[in-house]
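Subject: Structure for you to look at

Hi,

Here is the structure I promised to pass on. Please open it alongside this note and have a look around.

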Amino acid sequence: MLVAEDDPANLVMMRAMFERLGCRVDTVTNGEDAARAALASRYTLVCMDVTMPGMAGDEAVRLIRCKERQALGGVVTPIIALSGHAHAEAREALFAAGVDDYITKPVRRETLEELLRRYIDLSA
Ligand SMILES: [Mg+2]
């Protein structure tokens, strides 16, 4: 899976959480790299921080969805947005951008695990 997160401490924590669940993790720290990586590889899942320097997470999601639509027989990668904001308005904007799910920070391991089970077979 791919984790896009600009906060080093959060990135380390997320990677550790995912690896403990048996996932292989690639990491990037901005939206440009996230979009490039997500479009270049077929990730099972992308976790996207919303607030990042340069291209923000929601922008990266829009770009990924746009390119996916253009690709013939395009595969749609599940994207989970991570945000410090829990406002309904912010959430709606993210779903409009094309995210599949949304979790607020701080991320709890149980929340993450529950969410992952919807997209990944963790027993594999
Ligand atoms: Mg951030």
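Predicted model: local features only at pLDDT ≥ 70, side-chain atom pairs only at ≥ 80, totals over all residues.

Residues are numbered from 1 along each chain as its sequence is written, and side-chain values use heavy atoms, with hydrogens and water left out.

The metal site

The magnesium ion has Asp6 (OD), Asp49 (OD) and Thr51 (O) as its protein donors, at 2.0 to 2.1 Å. Donors here are N, O and S atoms within 2.8 Å of the metal (3.2 Å for Na, K and Ca); water is not among the atoms, so the site may look incomplete. Along the chain, the donors have the spacing D-x42-D-x1-T. Asp6 sits in the loop between strand S1 (2-4) and H1, and Thr51 in the loop between strand S3 (46-49) and helix H3 (57-70), so this pair ties together parts that are 45 residues apart in sequence. (Helices are DSSP runs of H or I with at least four residues, strands are runs of E with at least two, and both are numbered from the N terminus.)

Asp6 is partly exposed, at 31% relative accessibility, whereas Thr51 is exposed, at 52%. The cut-offs are under 20% relative accessible area for buried, over 50% for exposed and in between for partly exposed, with a 1.4 Å probe and protein chains only.

The helix pairs

H2 (residues 31-40) packs against H3 at about 25°, with axes 9 Å apart, which makes the two roughly parallel. Axes are lines fitted to C-alpha atoms over the stretch in contact, and angles between N-to-C directions run from 0 to 180 degrees. Angles under 35 degrees count as roughly parallel, over 145 as roughly antiparallel, 65 to 115 as roughly perpendicular and the rest as oblique. Gly31, Ala34, Ala35, Ala38 and Leu39 in H2 meet Ala60, Leu63, Ile64, Lys67 and Glu68 in H3, where contact means heavy atoms within 4.5 Å.

H1 (residues 8-20) and H5 (residues 109-119) pack at about 55°, their axes 11 Å apart, and are therefore oblique. In this pair, Met17, Phe18 and Arg20 of H1 meet Arg109, Leu112 and Leu116 of H5.

One last residue

Glu59 lies in H3 and is partly exposed at 39%. From Glu59 to Ala97 is 7.6 Å, C-alpha to C-alpha, although they are 38 residues apart in sequence.

Best wishes
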